[in-house]
Amino acid sequence: MQKHMDHCRKRKKKKNGEFTSVLAAMGPLIGFTLFGLIPLILATVVSMTELHSTNLSEMEFIGLENYKTVITNGDNRTYASYLSTLVFALNVPICIGIALYIANLVNRTKIGQRFLRSVFFIPYVCSTVVIGLTFRILFNQESGVFNTILTSLGFEKVGWLTESPFTFMTSTIIMTVWSGLGFCIVLFQAALANVNESYYEAARIDGASNFQIFWKITWPAISPTTGYLVTMKMIWGLQAMTETYILSGNNTVVPTWGSSDAWVSDLVVKHIYNMVFVNPYQYGYGLAAAAGWCLAIVVLIVTFLNMKLQERWVNYDF
């Protein structure tokens, strides 16, 4: 009798544990369904329709026409947004290169490593909006810090945010690199700290130069971390919007390269945003949804090619 009662208690306890586990798993599942799966399905459906308002009853099914329009009949603003996004993505190799150099210097420092790591990481956790507004002040043509420094050195003032597409994108890349350095530095520091010192000692005994040590030992050892950063930052760079949106103040004052009706601050995501919230009657929700899926496909292709290329230079044997 006692054994039967113990067995019943164990079964009841097991069922309670299973029920608690199911409840714990339901939270993320419900969140993904509401904010992930349903929007994806809705975006797919809308991308195959003609729709110019939020009233879904007005949808008119047109198949893949929106995708054909985006791919073959895109206007100047669509092509210009992709060009601006590619230029903006130049911040990725610049940020990674500078971060690796700084991380190497910090790792050589014997005192204050944690303090320096914290200092470099602070910009990364700051709001992008705050950083953008701060750099708008720094890049101000009349009273900005950068132009103050230039005039003190005898140079003329530069209209960083209004003069040309080159100056605007240069300003954006400077701001983006500054704000993203901290994350890369922390990861590179961890990767550099895990390199086996015996490899360095053996290389120095053999008379290897600093460049040879870096190229033959350090670079292969940290290549997995580098590959991860390249992948994640490229995905982020292709989907960026806030940086140029805040830095420009949403002012269409700098036409893009070779066009008078497209703006250099309009990256692809910003252009899709304009399709929906600025010019819904010109483009429509269906065309914007199709453009969003085209961007997702571009991100997938770039990520796939990046992963394939990493098979040639990322080394997991260290």
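**Exercise 1. Find which residues touch the most other members of the largest nonpolar core, and which elements build it.**

Step 1. Among the 25 residues of the largest nonpolar core, Leu-181, Phe-188 and Ile-222 touch the most other members. Such a core is a set of buried Ala, Val, Leu, Ile, Met, Phe, Trp, Tyr and Cys residues joined through side-chain atoms within 4.5 Å, and buried means under 20% relative accessible area (1.4 Å probe, protein chains only).

Step 2. Two or more residues each come from α4 (91–108), α8 (165–193), α9 (197–205) and α10 (210–238). Helices here are DSSP runs (H or I, at least four residues), numbered from the N terminus.

A word on the model: it is predicted, so local features need pLDDT of at least 70 and side-chain atom pairs pLDDT 80 or more, while totals for chains, interfaces and linings use all residues. Residues are numbered from 1 along each chain as its sequence is written, and side-chain values use heavy atoms, without hydrogens and water.

**Exercise 2. Work out how α10 and α13 are arranged.**

Step 1. The axes (lines fitted to C-alpha atoms over the stretch in contact) of α10 and α13 (residues 285–313) come within 10 Å and cross at roughly 170°.

Step 2. The two helices are therefore roughly antiparallel, the word for angles over 145 degrees on a scale from 0 to 180 between N-to-C directions.

**Exercise 3. Decide whether Cys-95 is in a disulfide, and whether it is buried or exposed.**

Step 1. With a disulfide taken as two cysteine sulfur atoms within 2.5 Å, the count is zero.

Step 2. For Cys-95, the nearest cysteine sulfur belongs to Cys-184, 4.0 Å away.

Step 3. Cys-95 is buried, at 0% relative accessibility.

Definitions and conventions: Buried < 20%, exposed > 50% of the residue type's maximum accessible area, 1.4 Å probe, protein only. Parallel < 35°, antiparallel > 145°, perpendicular 65-115°, else oblique.
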